[in-house]
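Dear colleague,

Please find below the structure that I am handing over to you. I should be grateful if you would read the notes after it with the coordinates open.

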Amino acid sequence: MFYRFKYRLVFSLKVLVSGGAGFIGSHLAENLAERGFEVIIVDDLSTGSLENIRGLIDSGMVEFHSIDVSRLADAEDLFRGLDAVIHLAALISVEESLHKPLLYHRVNVDGTLRLLHYASKFNVSRFIFASSAAVYGAPQSLPISETHPLNPLSIYASTKIESEFLVKSYANLYGFGWVILRLFNVYGPRQRFNGYSGVIRIFLERALRGEPLIIYGDGSQTRDFIYVEDVVSAFVSALNRNVSGVFNIGTGVATSINMLADLVSKLFEGELKIVYAPPRRGDISESYADTSSARRILGFQAETPLKRGLEKTLNWLVSRQ
């Protein structure tokens, strides 16, 4: 079967997206379905939401299965005829992982292992894994390149490193193509709001309620904030290019928390109060990505300026009120 998009004919590929009802996964599943891919979403809805993919399901654009990826024994038929697996399903809170290490290992590591097992059993040709910049720990040099030493400071980061090695091991054993994307600070519509949410979602939620923005430490610490639609583009590039490797996915721009608070305040016409609190244990001072490998090999470069991404995220939040 062929599909036409952007004036090109392409073969329809069958892709399984684990965590496809979640924040990043739902955007990716939507993008792939619109491009004509045959998309199977696997998600146990523990952190994902049917609301994120309801339109895709109702329109028949995707096939959805409510399954825990660490318990796939009864669903191996889903892997028959697959061309690729994109694995995003994971628990992602650094703080929560310290209190629930066994749960994080089961979901993040055992889940990856089971997906790899069935992908190799059914000769899936490509496996793309969503890792995290957390694997680097406190940077020894900036910007952070893919050759930076791995120094996990949390159970969450450790599960990502262990999963990365499993991906490489299976690829070496069974000869399939693989890509590991180390995501920096992703933000945008559909990001969950709870005690473990990213700083952008927390700032915007507090701003909408007229509450002060709380900055832990002096606010000089930097992060690399990347908009979710740019991250989706990186996954699509990894799927379409016949390359294997590890790639940082960020903007390559260091943004201080003070600068972020100022941008959010300007969205609300400068009426927000900013409160400084003691630094949080384990916070690193600086982090931003060396994105040269992704740009050179994947042909990927983030395109959404932070100000524009914040506006789009805020508009989404307002539309839900």
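Residues are numbered from 1 along each chain as its sequence is written, and side-chain values use heavy atoms, with hydrogens and water left out.

Confidence

The average pLDDT (the predictor's confidence in each residue, from 0 to 100) is 93, and 96% of the residues score at least 70. Over residues 1-10 pLDDT stays under 50, and the model has 16 contacts beyond four places in sequence for them; a contact means heavy atoms within 4.5 Å. Where pLDDT is low, the predicted coordinates should not be read in detail.

Helices (H or I, at least four residues) and strands (E, at least two) are DSSP runs, numbered from the N terminus. Helix α2 spans residues 50-58, and its residues Asn52, Ile53 and Leu56 are buried. They lie on the same side of α2 because they cover an arc of only 45° around the axis, the arc being that of the directions from the helix axis to the C-beta atoms. Buried here means under 20% relative accessible area, exposed over 50%, and partly exposed in between (1.4 Å probe, protein chains only). The buried residues of α2 pack against α1 (23-34), β4 (38-42) and β5 (62-65), while the face turned away from the buried side carries the exposed residues Glu51, Gly55 and Asp58.

After the helix comes glycine 60, with a positive phi near 75°.

Nonpolar cores

A nonpolar core is a set of buried Ala, Val, Leu, Ile, Met, Phe, Trp, Tyr and Cys residues joined through side-chain atoms within 4.5 Å. The largest has 59 residues, and those with the most contacts inside it are Leu32, Leu181, Phe235, Ile249 and Val264. Helix α7 (residues 228-240) contributes the largest share of this core, 8 residues. Apart from this core lies another, of 29 residues, including Phe79, Tyr118, Val124 and Phe129.

Leaving aside residues up to four places away in sequence, valine 264 touches Phe203, Leu204, Ala207, Leu213, Leu272 and Leu310. Serine 237 is in helix α7 and counts as buried at 16% relative accessibility. With the same exclusion of residues up to four places away in sequence, serine 237 touches Leu298 and Phe300.

Salt bridges

The whole structure holds 17 salt bridges, each a side-chain nitrogen of Lys or Arg within 4 Å of a carboxyl oxygen of Asp or Glu. In one of them, lysine 121 meets glutamate 76, with the closest N and O atoms 3.0 Å apart. This pair links distant parts of the chain, 45 residues apart: lysine 121 is in helix α4 (residues 101-121), and glutamate 76 is in the loop between β5 and β6 (84-87). Lysine 121 is partly exposed, at 45% relative accessibility.

Arginine 71 and aspartate 68 also form a salt bridge (3.0 Å, N to O). Arginine 71 is exposed at 52%, whereas aspartate 68 is buried at 14%.

A further salt bridge joins glutamate 205 and arginine 201 (2.7 Å, N to O). Both residues lie in helix α6 (residues 199-208), 4 residues apart, about one turn of the helix. Glutamate 205 is buried at 13%, and arginine 201 is buried at 8%. Through shared partners, salt bridges join Arg201, Glu205, Arg206, Arg209 and Glu211 into one network.

Backbone features

Most residues other than glycine have a negative phi, and most peptide bonds are trans. Leucine 45, however, has a positive phi of about 65°; leucine 45 lies in the loop between β4 and α2 and is partly exposed at 28%. Arginine 190 has a positive phi near 80°; arginine 190 is in the loop between β9 (185-187) and α6 and is buried at 18%. The peptide bond between leucine 142 and proline 143 is cis, with omega about -5°, and proline 143 is in the loop between β7 (126-132) and α5 (155-174).

With kind regards
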